[in-house]
Amino acid sequence: MVAVSDGQRSGPPPTPVGAFAGRPVMSSALTAMLNAVGAHSGAVYLCRGDEPVLEMAVMAGLARSFAAPWERVGLSAPIPVAEAVRERRLVWVGGEEEMARRYPRIAVVLPYPFALAALPVATDAQVYGAVFVTWPGSHSPELSDRERQRLEVACDRLALRLERAAAQNRPVRAETRPLDTGPVGGVADSLGSVEAARMVARLPYGLVSLDLHGRVAFANAAAADLLGVAVSDLLGVQLWASVPWLNDPTYEERYRAALLSQGVTSFVALRPPSEWLSFRLYPSTTGLSVRVSRARGTAQTRPAGRGPGDAPARLVSMSQALSLAGALTETVSVQDVVRLVADEIAPAVGSRALALLAARAGRLQVLGHHGYRDARVVERFDGMPLSAPVPSAHAVSHGVPAFFDSRQHLERLYPARYATPDGFAAWAYLPLIASGRPVGVCVLAYAEPRTFPTHERAVLTSMAGLIAQALDRALLYDAKHRLAHGLQAALLPHSLPRLPGIEAAARYLPATRGMEIGGDFYDLVPSRPLPAAVIGDVQGHNVTAAGLMGQLRTAVRAYTTVGQEPAEVMSSTNRLLTDLGADLFASCLYLRLDPGRGRAVMARAGHPPPLLRRPDGRVRVLDLAGGPLLGIDGGATYTTTEVDLSPGCVLALYTDGLIESPGVDIEDAVAGLGRRLGEAGDLPLEELADGLVGHYAAAEERIDDVALLLLRASGDC
């Protein structure tokens, strides 16, 4: 049988979410589920009716401290239980490597070998919550059909019981630990017989029994002698709390690893001043048996940790910090940070609303908010000077957090703050300090009056430090992003001119890596007597490439306007790039258009060949003669070729980003582009352009810029 535990929780008592009518329904259902599939731990979550949040109702097989960062999680959080609810399906994680790949935030906190299944607890009409169960790392990487069926049946049965309880308006209450017997006070009772106790007493090594929370339930005399602590002082206390020199996260981590992986672990520790002891941990679903003996031939140095007189480490705080740090490393933009705080951090600390404000040029700027019924309550602070008599401004200007446990407390110190009440009853104002600079303030609002004990203030302040670092990076990223897009927009044509006898459409997609700025360009030049079209690609994806692209586009326009022939335009542009000494190359395709004659003259410098679609739907790759890339040889010459541009023909000019994909041959990619052009070539040109770049526009990652210029001869000259 698996023991069920709700562990120790910091802060105020949780909202009752576990049992109804006095019966431990959650505990019973979870225990039966674990036994049915041979799992060793698990938990039941319930949805909060008024929030997009899952809250843990009961946990079995492990102390709740293992799942402390996920006691309350937003439905959008990237963790298995939230994903199971969002997608209404079973989520399976077959082992440690898969967990690290798919859910890195969990792997950071729990880097141990175990398998996990998460399922929604739902009927056809309503989702009530979710369940997760875990197995040791020795479990098969695949979930068997038998295990899947038993889990799904158990979750369906639990959902029906919750549905009936809701229909009958039966209250849901928190559960106790019906299967947890607590620490054992006597040796004979714990081992079952006096003779067994005598046998253990005669052993030359120490034996210690720990429950799921690390508390000592039994210790023999040899263990007490080796540890230097009396048995009476060990019982009922966590081992690392009663033995000061074991108060080190390294040793605590081995206890966690043994319980979660259900595998034997061990470590060696120094008992001051010079005696090394060996600890071997044997786990089960009810706790740990620990063998303690003297280590021989040990040359290990003392692990980094606190001194013997320091207070015990708080395991929950360490897990929360690890989880939060891992999550914040994934944020990129300011809105990413806002979403993370709203979806994961605020629910974890019980906050019902939040606001993130930046400090810029001596004023507050609202970056984002969540949970306020009236957005104006927050937005009125936008542009407010840091000298204003409001707590958010004071938190930024003085760098000191402020906690208000009630509305009366806030109004007494800041009477002007409540000109527009926000409907909440307690607040934490956390200054966001990065590299010694105030970057903003995080405001957490609570629905009920709330005391903020010292340890909770310390945790919130530490969280604010991590948020500040992420926000500082995000503000810099957003500034660079705006600069990149502004520069790119300034260097490319805002619109294409109307040309007699020619329809034109263009698309540009930046690469999704780096600064999202590059050297791809296109242009349509309404010169006389004949217009021209050009497309090119400068090497690189940075400001230098973009600046050089602007120079080349301007040069092509200038050479075209003064009447140079296509070959001369290409040669002149090549000499310019060589003389600039930029050490960058560029490909280019230049066309002088003559729609009256139905012809076009093409000059090409190492650029991908254009495609010509005829009115009958046939497509030809115009892989014609040209010259080398621009910028390689200042004396290079470029031959020209006359191509067909009769009414109804479509010319597709593009850069290599449209055809280059890892593992795909270039010729095959060009042929595929030609097929799509042939099939859709009769569409309006704007729709055709969208269709040709559609796959790339939807891609999460593009390794190169994409530029496309379509020209259709209309015959209306």
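User: What does the chain contain in helices and strands?
Analyst: The protein chain has 21 helices and 27 strands, where helices (H or I, at least four residues) and strands (E, at least two) are DSSP runs numbered from the N terminus. This is a predicted model, in which local features need pLDDT of at least 70 and side-chain atom pairs count only at pLDDT 80 or more, while totals for chains, interfaces and linings use all residues. Residues are numbered from 1 along each chain as its sequence is written, and side-chain values use heavy atoms, with hydrogens and water left out.

User: And how much of it is buried?
Analyst: Of the 717 residues of the protein chain, 52% count as buried, meaning under 20% relative accessible area with a 1.4 Å probe and protein chains only.

User: Is β20 mostly covered or exposed?
Analyst: Strand β20, residues 532-538, is mostly covered, with seven of its seven residues buried.

User: Which way do its residues point?
Analyst: Ala532, Val534, Gly536 and Val538 point one way from β20, whereas Ala533, Ile535 and Asp537 point the other way, and all are buried. In a regular strand the side chains alternate between the two faces of the sheet.

User: Which strands does β20 pair with?
Analyst: β20 pairs in the antiparallel sense with β19 (residues 519-525) over seven bridges, and also in the antiparallel sense with β21 (residues 586-594) over seven bridges; two strands pair if DSSP finds at least two bridges between them. β19 and β20 form a hairpin with six residues between them.

User: What are the bridge partners of Asp537?
Analyst: Asp537 is the bridge partner of Asp520, and in β21 the bridge partner of Asp537 is Ser587.

Conventions:
Buried means under 20% relative accessible area, exposed over 50%, partly exposed in between (1.4 Å probe, protein chains only).
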